[in-house]
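Visitor: Could you take me in for a close look at the aromatic rings in this one? I'd like to see how they sit together.

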Amino acid sequence: MGTGARAKPLRDVVAPGLDVLFCGINPSLLSAERGHHFARPGNRFWPALHLAGLTPRRLAPEEDGELPRYGLGVTNLADRPTRTAAELTPEELRDGLRSLTALVAEYRPRVLAVLGVTAWRLATGRPRAGWGRQEESLAGAQTWVLPNPSGLNAHHQLPDLARLYAGLRP
């Protein structure tokens, strides 16, 4: 598993040649404390992966290290843990995009799935970026922007997330 050039409060779960690298916005305080991605009980990432058919069963956050076994990985756009992603500055998101680009170039996933359109817009300076597959790839990875699975995001329900995640399968 890669950790990037500097120490991170939450490690990247990556391996060369993944089918999909999921990119959250940043770690929650609880995820950073526990050392596992999407650790908040209301987060729908783990059930969505399973319902999408990307994992054979619902994994627990503590099993995030198992993702590469299924051709999946997870990282974050920004490293700083916060209560809400709205606490991040545009500069942090832009800096995170540079680090993400280097990570994608090193590990070469087929697809990068960024989980949060507002953070993606701020990081890339593309205020009109929308959902779905992006015109531009990132370091050679087909790039998608999908809804954030946080329980705070009431606009997209679990069946929506599962359907969208399923569309990333090779």
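**A look at the aromatic rings**

Guide: Let's get our bearings: starting at the N terminus, the chain's elements run β-α-α-β-α-β-α-β-β-α. That comes to five helices and five strands, where helices (H or I, at least four residues) and strands (E, at least two) are DSSP runs numbered from the N terminus. Keep in mind that this is a predicted model, where local features need pLDDT of at least 70, side-chain atom pairs count only at pLDDT 80 or more, and totals for chains, interfaces and linings use all residues. Residues are numbered from 1 along each chain as its sequence is written, and side-chain values use heavy atoms, with hydrogens and water left out.

Now for the rings. The structure holds five aromatic pairs. Rings of Phe, Tyr and Trp (its six-membered ring) pair if their centres lie within 6.5 Å; planes under 30 degrees apart count as stacked, over 60 as edge-to-face and the rest as tilted. One of the pairs is F38 with F45, which is stacked, with 4.2 Å centre to centre and 20° between the planes. Both F38 and F45 are buried, and they belong to one aromatic cluster together with F22, W46 and Y165. Buried means under 20% relative accessible area, with exposed over 50% and partly exposed in between (1.4 Å probe, protein chains only). Stepping back to the whole chain, 50% of its 170 residues count as buried. Its C-alpha atoms fill a box of roughly 35 × 35 × 35 Å, taken along the principal axes.
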